[in-house]
Amino acid sequence: MQSEAQSLVFLKKHFGFDAFRPNQKSVIDTILRGQNLLAIMPTGGGKSICFQLPALMLDGVAVVISPLIALMKDQVDALRANGISASYFNSSQPHEEQNQVLQNLKQNKIKLLYVAPESLGALKPHLGTSSLSLFAIDEAHCISAWGHDFRPAYKALGSLKQDFSKIPVAAFTATADVATQDDILNQLNIPKAKKFVSSFNRKNLYLEVRPGTKRIQQILQFLKGRKEESGIIYCLSRRSTETLANKLNDYGYKAKAYHAGLDAEVRSEIQNDFVSDKT
């Protein structure tokens, strides 16, 4: 295992940063010591590096449980672009691709393996023969009281500590009050884990609440001065994403609908177009 003092060297070498953000170093050092933890860090606060960097410093493979297939692919692509051996395992892949991932896992060719919680059961039998460095659980609030109604598979994550008792579990989320924090730790069977809570104050974020009337006109007014920028508009249903995307296209915007009802290949194409600024 690498020493904690070397984490700054790895940060510069693999991610290009000269210094850590608040709480990153403490979280990373705790993982390197093999301890369990819960980190509450705002979106954009550098959560990913908190488990990606120690994964590179430790022997074996780090398993990252992530609920969003699109984000999973995005992170794996970014890691591979930096020369880091990363893969993902989820239901969007054909069986041939999944088998190749499992083969690479068996041959110790993967440092970071992202998996959807629903696919963890299929992956578990293959982890016993692999050298594991850590489990990182992203969007950990999904295991708490209201979250597992949305993603029931998160409830099964409590078995990780039972099946792999010596492997550190690091849970991450941007949203959790004190009661939810305790619930997350209890659900994961790590009740005495260390907590790291960062400030939620984000000077670069602006929130505004408006009445839900004349929505299309309000959206068009908002976009009027941002024609060269990219953005995401969240809708309440699949149909409303398609309706809104069509209307925006009618007004000259390069918009596409993205939702779970689309084929995996179509979703991947839309995501790639957004990342490359074609949409």
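This is a predicted model: local features need pLDDT of at least 70, side-chain atom pairs count only at pLDDT 80 or more; totals for chains, interfaces and linings use all residues.
I call a residue buried when its relative accessible area is under 20%, exposed when over 50%, and partly exposed in between, taken with a 1.4 Å probe on protein chains only. I number residues from 1 along each chain as its sequence is written, and my side-chain values use heavy atoms, with hydrogens and water left out.

Entry on Ser87. I looked up Ser87 in strand β3, where helices (H or I, at least four residues) and strands (E, at least two) are DSSP runs numbered from the N terminus. With a relative accessibility of 7%, Ser87 counts as buried. Apart from neighbours within four places in sequence, I find Ser87 in contact (heavy atoms within 4.5 Å) with Val76, Arg80, Val101, Ile110, Leu112, Leu113 and Tyr114. Ser87 and Tyr114 are 27 residues apart along the chain, yet their C-alpha atoms are separated by 6.3 Å.

Entry on strand β4. I then followed β4 (residues 112–115), from which Leu112 and Tyr114 point one way and Leu113 and Val115 the other, all of them buried. In a regular strand the side chains alternate between the two faces of the sheet. Taking two strands as paired if DSSP finds at least two bridges between them, I find β2 (residues 61–65) running parallel to β4 and joined to it by four bridges, and Val64 stands opposite Tyr114. Strand β3 (residues 86–89) is likewise parallel to β4, with four bridges, and there Tyr88 stands opposite Tyr114. From β3 the chain crosses through helix α5 (residues 95–106) to β4, and this β-α-β crossover is right-handed, meaning that, with the strands pointing away from the viewer, the path from the first strand over the helix to the second runs clockwise.

Entry on helix α4. The buried residues of α4 are Met72, Lys73, Gln75, Val76 and Leu79. Seen down the axis, these buried residues fall within an arc of 165 degrees, so they line one face of α4; the arc is that of the directions from the helix axis to the C-beta atoms. They pack against α1 (7–15), α3 (47–57), β3, β4 and α12 (264–275). Just after α4, I note that Gly83 takes a positive phi of about 80 degrees.

Entry on helix α6. In α6 (residues 120–127) I list Leu120, Leu123, Lys124 and Leu127 as buried, and because they fall within an arc of 115 degrees down the axis, they line one face of the helix. The face turned away from that side carries the exposed residues Gly121 and Pro125. The buried residues of α6 pack against β2, β3, α5, β4, β5 (132–137) and α8 (160–163).

Entry on the cysteines. Searching the whole structure for disulfides (a pair of cysteine sulfur atoms within 2.5 Å), I find zero. The closest cysteine sulfur to that of Cys50 is in Cys142, 19 Å away and therefore too far for a bond. Cys50 is buried at 0% relative accessibility, and Cys142 is buried at 4%.
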